[in-house]
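Dear colleague,

I am handing over the structure we spoke about, and below it you will find notes on what came out of the analysis. Please read them with the model open beside you.

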Amino acid sequence: MTALKFAVPLVALLVGGWFVYDGMRALQKGDYTTPSSGAHAGQLGPWAKLVALVGIDPRGMPMKIAHIALGILWLASAILFVAKPHLGWFALFVSSVCSFWYLPIGTLLAVVELGLLFTSQIRNLK
């Protein structure tokens, strides 16, 4: 497996793993992972302001479930990419686009994943 073919599922595992972990933590403990000290102690990232603008409570049950569902989508897409690259490519494309709202790191990693997916080496996998 070339470095790019290794990097694509690795990014997906990183993003998906975080979404599942943080969503499950929020369900179990009542809140997401936040800084415990400093100027941003207890605050969610910029993504929370974005989802609140469209009327979604960032700390509400639907958002916690959305975190877990999106994480599972990423993880399943990574597995699919390894097993059937052409189908996994599409699933990872969808996962990436669905993660643009998760500012800043989710957006950045989604753009990185899309960049990897659109390299000729990955795009031409059969």
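Leu70 counts as buried because its relative accessibility is 8%, where buried means under 20% relative accessible area, exposed means over 50%, and partly exposed lies in between (1.4 Å probe, protein chains only). Leu70 has its place in helix H3; helices here are DSSP runs of H or I with at least four residues, strands are runs of E with at least two, and both are numbered from the N terminus. Leaving aside neighbours within four places in sequence, Leu70 is in contact (heavy atoms within 4.5 Å) with Phe19, Ser95, Cys98, Ser99 and Trp101. Thr33, by comparison, is 37 residues from Leu70 in sequence and 17 Å away in space, C-alpha to C-alpha.

Before going further, please keep in mind that this is a predicted model, in which local features need pLDDT of at least 70 and side-chain atom pairs count only at pLDDT 80 or more, while totals for chains, interfaces and linings use all residues. Residues are numbered from 1 along each chain as its sequence is written, and side-chain values use heavy atoms, with hydrogens and water left out.

Ala66 is also in helix H3, but Ala66 counts as partly exposed because its relative accessibility is 30%.

Not counting residues up to four places away in sequence, Trp47 touches Tyr32, Pro58, Met63, His67, Trp101, Tyr102 and Leu103.

H1 itself has 27 residues and reaches 38 Å from its first C-alpha to its last, close to the 39 Å expected at 1.5 Å a residue, the expected span being 1.5 Å times one less than the number of residues. Its buried residues, among them Val8, Val15, Phe19 and Asp22, pack against H3, H4, H5 and H6. Just after H1, Gly30 takes a positive phi of about 95 degrees.

H5 has 13 residues and reaches 18 Å from its first C-alpha to its last, close to the 18 Å expected. The buried residues of H5 include Gly106, Leu109, Glu113 and Leu114, and what covers the buried residues of this helix includes H1, H3, H4 and helix H6 (120-123). Phe93, which is found in helix H4, is partly exposed, with a relative accessible area of 28%. Phe93 and Leu114 are 21 residues apart in sequence and 6.5 Å apart in space, C-alpha to C-alpha, and, leaving aside neighbours within four places in sequence, Phe93 is in contact with Leu114, Leu117 and Phe118.

Pro104 lies in the loop between H4 and H5, and the peptide bond from Leu103 to Pro104 is cis, with omega near -5 degrees. Most peptide bonds are trans.

Finally, there is the largest pocket, which holds about 220 Å³ of space and is lined by Pro35, His40, Gln43, Leu44, Gly45, Pro46, Ala48, Lys49, Pro58 and Arg59. A pocket here is an open set of points on a 1 Å grid over the protein atoms alone, where a 1.4 Å probe fits and protein lies on both sides within 12 Å along at least five of seven lines, and lining residues have an atom within 4 Å of a point; the volume is the space filled by probe spheres set on the points, which are joined across faces, edges and corners. Gln43 lies in the loop between H1 and H2 and is partly exposed, with a relative accessible area of 40%. Not counting residues up to four places away in sequence, Gln43 touches Thr34 and Pro35.

With best wishes
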